[in-house]
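I opened the notebook for this structure and listed what to look up.

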Amino acid sequence: MFLRSDLDLVVECAGHEALRNLGPSVLAAGHDMLVASVGALADPTLETLLIDSATAAGARLRIPSGALGGLDALGAAKFAGLREVRYESHKAPGAWRGTPAEALVVLDDIERPTAFYEGTARDAARLFPQNANVAAAVALAGVGFDRTRVVLYVDPLATGNTHRIKAEGDFGHIDIAVTGKTLPSNPKTSMLAPCSLVRAIADLNQTLVVA
Ligand SMILES: NC(=O)c1ccc[n+]([C@@H]2O[C@H](COP(=O)([O-])OP(=O)(O)OC[C@H]3O[C@@H](n4cnc5c(N)ncnc54)[C@H](O)[C@@H]3O)[C@@H](O)[C@H]2O)c1
């Protein structure tokens, strides 16, 4: 019934499992879909299934900027030649509790910003699901999951969650950082993330769109 309705856009903000279970059928029904759970696309099987479903039905898969900024510049730089893309995440020790970070570093003993993980965006999305969405958005906007480097820091001085994109190429150099506060009602999620969905929906009806 829902899939047969005349819809401008389906917005997924329900979680990775919901995207895995329902995303392909939404796209296969020809509906454009805005995907908050972008980290799920680090699974190449799901990425291919979503893209193939959308392609076959002429639908589009849209990725919002979410908790970070700079994806527009990264996407433009890709056309001028991107050599290297790095995404850094700085969070306070408490934000890393209950994650594999605890096996790599003693969170309570950290006195200065300390990198505890460096690897590809694909591995980072799998090992650290709480950073998966941002790492995946950077990867999809730039040089892909296997060429994007991710560095995760525990930072006792952090006053919010800082997402930083650094990129190099023939175009020049990008260094963009966003330090976001989390939603008081949902400390897992940055305030900017739902706002970026609202912006993407609002843009559907705007004459002048800043992409
Ligand atoms: N792109 C980004 O930068 C970014 C930032 C934050 C969160 N996210 C992602 O957005 C998603 C939602 O995050 P959240 O913190 O709001 O999660 P949440 O768990 O707080 O909320 C998800 C809501 O979706 C509902 N839900 C689950 N399955 C559903 C279904 N099949 N149909 C309808 N509703 C369903 C749940 O009941 C819950 O109310 C997560 O995948 C999260 O990783 C992305």
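Which residue stands opposite L152 in β6? I looked up the pairing in this predicted model and found S89 in that place.

**Entry 1: strand β6 and its partners.** I took β6, residues 149-154, and checked its cover: 5 of its 6 residues are buried. I then went through its pairings. Strand β4 (residues 82-91) runs parallel to β6, and 6 bridges join the two. Strand β5 (residues 114-120) runs antiparallel to β6, again with 6 bridges.

**Entry 2: salt bridges.** I counted 11 salt bridges. I looked up R83 and D170, whose closest N and O atoms are 2.9 Å apart. R83 lies in strand β4 and D170 in the loop between β7 (161-169) and β8 (172-180), so this pair ties together parts that are 87 residues apart in sequence. R83 is exposed, at 53% relative accessible area, and D170 is exposed too, at 63%.

Next I checked R149 and E118, whose side chains meet in a salt bridge at 3.7 Å, N to O. R149 belongs to strand β6 and E118 to strand β5, so the pair links parts 31 residues apart in sequence. I have R149 as partly exposed, with a relative accessible area of 34%, and E118 as partly exposed with 46%. Both residues also sit in a network of salt bridges that links R86, E88, E118, R149 and K166.

The last pair I looked up was D123 with R126, a salt bridge at 3.3 Å, N to O. The two are 3 residues apart in helix α5 (residues 121-127), and therefore separated by about one helical turn. D123 counts as partly exposed at 32% relative accessibility, whereas R126 is exposed at 58%.

**Entry 3: the ligand.** How many residues surround the ligand? I found 15, and the closest are S37, A67, N133, N186 and T189. By class, I have 7 nonpolar, 7 polar and 1 charged residues in the shell. Helix α1 (16-28) and strand β10 (186-190) each supply at least two residues of that shell.

I then listed polar atom pairs. An oxygen atom of the ligand is 2.7 Å from an N or O atom in the side chain of N133. A ligand oxygen atom is 3.0 Å from a polar backbone atom of A67, and a ligand nitrogen atom is 3.1 Å from a polar backbone atom of A36. For cover, I noted that the ligand has 870 Å² of accessible area on its own, of which the protein covers 54%.

Notes: Residues are numbered from 1 along each chain as its sequence is written. This is a predicted model: local features need pLDDT of at least 70, side-chain atom pairs count only at pLDDT 80 or more; totals for chains, interfaces and linings use all residues. Side-chain values use heavy atoms; hydrogens and water are left out. A residue is near a molecule or strand if one of its heavy atoms lies within 4 Å of it. A polar contact is a pair of N or O atoms within 3.5 Å; within protein, one must be able to donate a hydrogen and the other to accept it, and residues adjacent in sequence count only if both atoms are side-chain atoms. Accessible areas come from the Shrake-Rupley method with a 1.4 Å probe; for residues, only the protein chains shown count as cover. Helices (H or I, at least four residues) and strands (E, at least two) are DSSP runs, numbered from the N terminus. Ala, Val, Leu, Ile, Met, Phe, Trp, Tyr, Cys and Pro count as nonpolar, Asp, Glu, Lys and Arg as charged, and the others, Gly among them, as polar. Buried means under 20% relative accessible area, exposed over 50%, partly exposed in between (1.4 Å probe, protein chains only). Two strands pair if DSSP finds at least two bridges between them. A salt bridge is a side-chain nitrogen of Lys or Arg within 4 Å of a carboxyl oxygen of Asp or Glu.
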